[in-house]
Amino acid sequence: MRPALYLIAAVGLSACSHPSPNNAVSDSELQGSCEALVSAETGVRPQDVSAISTQAAPTGSVTTLSVAGAKAPWLCMSDPFGVITGVEYSQEG
């Protein structure tokens, strides 16, 4: 009986480690995560960071964010599954 339980557990856990596009997050969830990450990166209060738009592509998404006091928007990149891969200021300097 124990080997069968281990097999069931292994199969169940392996499903969690291989994301599929069906597991991708919604735009609003992605925008919320991007807002929190940019807030932490810039030191600006969370309520002073807001998502402007999210552009999806087969290779991932780019969310544009407005940050209080910034002259240009911030960008938040994610993979096709909604995992954030980086944030950056859209203007040099």
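This is a short tour of the structure, stop by stop, with what to select at each one.

**Before you start**

The model is predicted: local features need pLDDT of at least 70, side-chain atom pairs count only at pLDDT 80 or more, and totals for chains, interfaces and linings use all residues. Residues are numbered from 1 along each chain as its sequence is written, and side-chain values use heavy atoms, with hydrogens and water left out.

**Stop 1: the whole chain**

Show everything as a cartoon. The secondary structure comes to 2 helices and 4 strands. Along the sequence the pattern reads α-α-β-β-β-β. Helices (H or I, at least four residues) and strands (E, at least two) are DSSP runs, numbered from the N terminus.

Of the 93 residues, 19% count as buried. Buried means under 20% relative accessible area, exposed means over 50%, and partly exposed lies in between (1.4 Å probe, protein chains only).

**Stop 2: the sheet**

Select the strands. In what order do the 4 strands form the open sheet? The order is 1-2-3-4, with antiparallel pairing. Strands pair if DSSP finds at least two bridges between them. Strand 1 and strand 4 are the edge strands, each pairing on one side only. From one strand to the next, the twist averages 20°. Angles run from 0 to 180 degrees between N-to-C directions, and axes are lines fitted to C-alpha atoms, for helices over the stretch in contact.

**Stop 3: strand by strand**

Select residues 49-57, strand 1, and residues 60-67, strand 2. They pair in the antiparallel sense over 8 bridges. A hairpin of 2 residues joins strand 1 to strand 2. Pick out serine 50: its bridge partner in strand 2 is serine 66.

Threonine 63 stands opposite cysteine 76 in strand 3.

Finish with residues 84-89, strand 4, which pairs with strand 3 in the antiparallel sense over 5 bridges. Cysteine 76 has valine 87 as its bridge partner in strand 4. The hairpin of strand 3 and strand 4 has 5 residues between the strands, and glycine 82 there takes a positive phi near 90°.

**Stop 4**

Zoom in on serine 78. Serine 78 is buried, with a relative accessible area of 6%. Leaving aside neighbours within four places in sequence, serine 78 is in contact (heavy atoms within 4.5 Å) with Leu30, Thr59, Gly60, Ser61, Val83, Ile84 and Thr85. Serine 61 has serine 78 as its bridge partner in strand 3.

**Stop 5: the aromatic pair**

Select tryptophan 74 and tyrosine 89. The structure holds 1 aromatic pair. The ring centres of tryptophan 74 and tyrosine 89 are 5.6 Å apart and the planes stand at 50°, so the pair is tilted. Rings of Phe, Tyr and Trp (its six-membered ring) pair if their centres lie within 6.5 Å; planes under 30 degrees apart count as stacked, over 60 as edge-to-face and the rest as tilted. Tryptophan 74 lies in strand 3 and tyrosine 89 in strand 4, so the pair ties together parts that are 15 residues apart in sequence. Tryptophan 74 is buried at 14% relative accessible area, and tyrosine 89 is partly exposed at 26%.

**Stop 6**

Select residues 27-42, helix 2. Helix 2 lies across strand 1, strand 2, strand 3 and strand 4, running at about 125° to strand 1.

Now show Leu30, Cys34, Val38, Val44, Val49, Leu65, Val67, Trp74 and Cys76, the 9 residues of the largest nonpolar core. A nonpolar core is a set of buried Ala, Val, Leu, Ile, Met, Phe, Trp, Tyr and Cys residues joined through side-chain atoms within 4.5 Å. Helix 2, strand 2 and strand 3 each give two or more residues to this core. Helix 2 supplies the largest share, 3 residues.

End on leucine 65. Not counting residues up to four places away in sequence, leucine 65 touches residues including Cys34, Val38, Val49, Trp74 and Cys76.
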